[in-house]
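This briefing accompanies a single protein chain. Please look over the sequence and the model before reading the notes.

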Amino acid sequence: MAKDNLFKGLNTKDYFGHKKKVHSVAWNCIGTKLASGSVDQTARIWSIDSTTGKGKDELELKGHTDSVDQLCWDPNNAERLATASGDRTVRIWDTRSGKCASTVQTQGENINISWSPDGSSIAVGNRDDVITFIDTRTFKILRTSRFLFEVNEIAWDKSGEEFFLTTGLGTIEVMTYPELKTVRSLQAHTAGVYCIAFDPTGNRFAAGSADALVSVWDLKHKVCVNTLPRLDWPIRTLSFSHDGKYIASGSEDLLIDIADAATGECAHQAGFERSQWTLKKPLMAGIGLL
């Protein structure tokens with residue numbers, strides 16, 4: 001198993017702030033702030049120095065009355081964050097002041113969230129397989145769509161013209177946006193597909209499954225070009241590096257495998273439960289064991 005010299009001598013730093021388990025981490029669009037969402041019903045904002053890796057707990061965002069299960073940043077505004085909670089709301093935050101700019105009531109307990117590449121829309125999915133689309137200018141609901149299959153994770157491609165769903169059927173549903181017309185149904189795995197991530201360069205995407213495999217796809221042609229088989233438990237998280245050269249995949253055994261995106265070879269392994277790379281710099285945040 002080859003290891004990449006880039007990852008030799010890595011330093012890790014632990015940051016503590018939440019009172020209960022952390023479910024989600026995400027970097028802002030310029031890689032200067034890290035957000036974390038927790039079962040303790042809060043999100044926290046951490047300021048990170050990309051050179052030294054040193055950080056400080058800058059803000060605690062309070063307002064949700066249930067677990068903050070996932071969060072995401074505005075891809076065009078480094079100070080605007082969205083949080084999805086089991087309390088049936090989505091909250092939009094100004095991370096300069098720590099104030100909630102808007103609260104949007106949704107139909108169910110929210111478990112996943114994605115921001116469109118142009119910043120104009122947010123999609124949030126709940127436990128009942130309902131996806132709500134929110135206009136980020138008016139904070140009004142644009143549409144609500146219910147699916148007859150288990151929806152696990154949702155995301156736009158880099159162009160914003162296609163919307164992807166990973167399902168409990170082992171498929172990846174590719175839809176036009178905003179029409180939400182299904183144009184491809186990719187039979188990606190033999191078990192439920194839990195997560196999806198897109199290469200920042202727009203060439204590839206990856207999917208992680210309950211079958212403990214990561215599939216790597218050519219985005220243009222929607223063809224699987226590689227499979228990463230090194231983890232032994234269901235894949236729960238995926239993230240590409242800022243330059244698209246590496247894929248980090250995390251499984252339920254608290255292990256992160258970092259692979260060369262082109263060859264699939266192992267570059268490094270580390271003890272995290274979930275990971276998230278910055279979009280601008282070679283800096284990664286992880287949840288769990290170090």
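The notes below go from the whole chain to selected strands, loops and residues.

The model is predicted. The chain has 26 strands and 0 helices. Of its 290 residues, 54% are buried.

**Whole chain**

- Taking contacts between residues at least 6 apart in sequence, 40% join residues at least 24 apart.
- The structure holds 11 aromatic pairs.

- Four strands form an open sheet in the order 13-14-15-16, and their pairing is antiparallel.
- Strand 13 (151-156) and strand 16 (182-187) are the edge strands, each pairing on one side only.
- From one strand to the next, the twist averages 20 degrees.
- In general, the strands of a sheet pair through backbone hydrogen bonds, in either a parallel or an antiparallel sense.
- Strand 15 (residues 171-176) pairs with strand 16 over 5 bridges, in the antiparallel sense.
- Within this pairing, Val 174 has Arg 184 of strand 16 as its bridge partner.

- Leu 180 is not a glycine, yet its phi is positive, near 60 degrees.
- Leu 180 has a relative accessibility of 12% and counts as buried, because the cut-off for burial is under 20%.
- As background, most peptide bonds are trans, and most residues other than glycine have a negative phi.

**Asp 129**

- Asp 129 is placed in the loop between strand 10 (121-126) and strand 11 (130-135).
- Its phi is positive, at about 65 degrees, although Asp 129 is not a glycine.
- The relative accessibility of Asp 129 is 19%, so with a cut-off of under 20% this residue counts as buried.

- Strand 21 (residues 235-240) is largely enclosed by the rest of the structure, because 5 of its 6 residues are buried.
- Strand 21 and strand 22 (residues 246-251) run antiparallel and are joined by 5 bridges.
- Thr 237 stands opposite Gly 250 of strand 22.
- The two strands form a hairpin with 5 residues between them, and Gly 244 in the turn has a positive phi of about 75 degrees.

**Ala 261**

- Ala 261 sits in the loop between strand 23 (256-260) and strand 24 (266-270).
- This residue is buried, with a relative accessible area of 3%.
- Beyond its neighbours within four places in sequence, Ala 261 is in contact with Arg 204, Val 216, Phe 240, Gly 244, Lys 245, Tyr 246 and Ile 247.
- One of these contacts is with Gly 244, the residue with positive phi in the turn between strand 21 and strand 22.
- Ala 261 and Leu 228 are 33 residues apart along the chain, and their C-alpha atoms are separated by 9.8 Å.

**Ser 36**

- Ser 36 is part of strand 2 (residues 33-38) and counts as buried at 4% relative accessibility.
- Which side chains make polar contacts with the side chain of Ser 36? One is that of His 18, at 2.7 Å, and another is that of Trp 46, at 3.0 Å.
- Leaving out residues up to four places away in sequence, Ser 36 touches His 18, Val 22, Ser 24, Val 25, Thr 42, Ala 43, Arg 44, Trp 46 and Leu 71.

**Aromatic residues**

- Among the 11 aromatic pairs of the structure is that of Phe 198 and Phe 205, whose ring centres are 5.6 Å apart.
- The planes of these two rings are at 35 degrees, so the pair is tilted.
- Both Phe 198 and Phe 205 are buried.
- One aromatic cluster is formed by Phe 133, Trp 156, Phe 163 and Tyr 177.

Conventions. Residues are numbered from 1 along each chain as its sequence is written. This is a predicted model: local features need pLDDT of at least 70, side-chain atom pairs count only at pLDDT 80 or more; totals for chains, interfaces and linings use all residues. Side-chain values use heavy atoms; hydrogens and water are left out. Buried means under 20% relative accessible area, exposed over 50%, partly exposed in between (1.4 Å probe, protein chains only). A polar contact is a pair of N or O atoms within 3.5 Å; within protein, one must be able to donate a hydrogen and the other to accept it, and residues adjacent in sequence count only if both atoms are side-chain atoms. Contact means heavy atoms within 4.5 Å. Two strands pair if DSSP finds at least two bridges between them. Axes are lines fitted to C-alpha atoms, for helices over the stretch in contact, and angles run from 0 to 180 degrees between N-to-C directions. Rings of Phe, Tyr and Trp (its six-membered ring) pair if their centres lie within 6.5 Å; planes under 30 degrees apart count as stacked, over 60 as edge-to-face and the rest as tilted.
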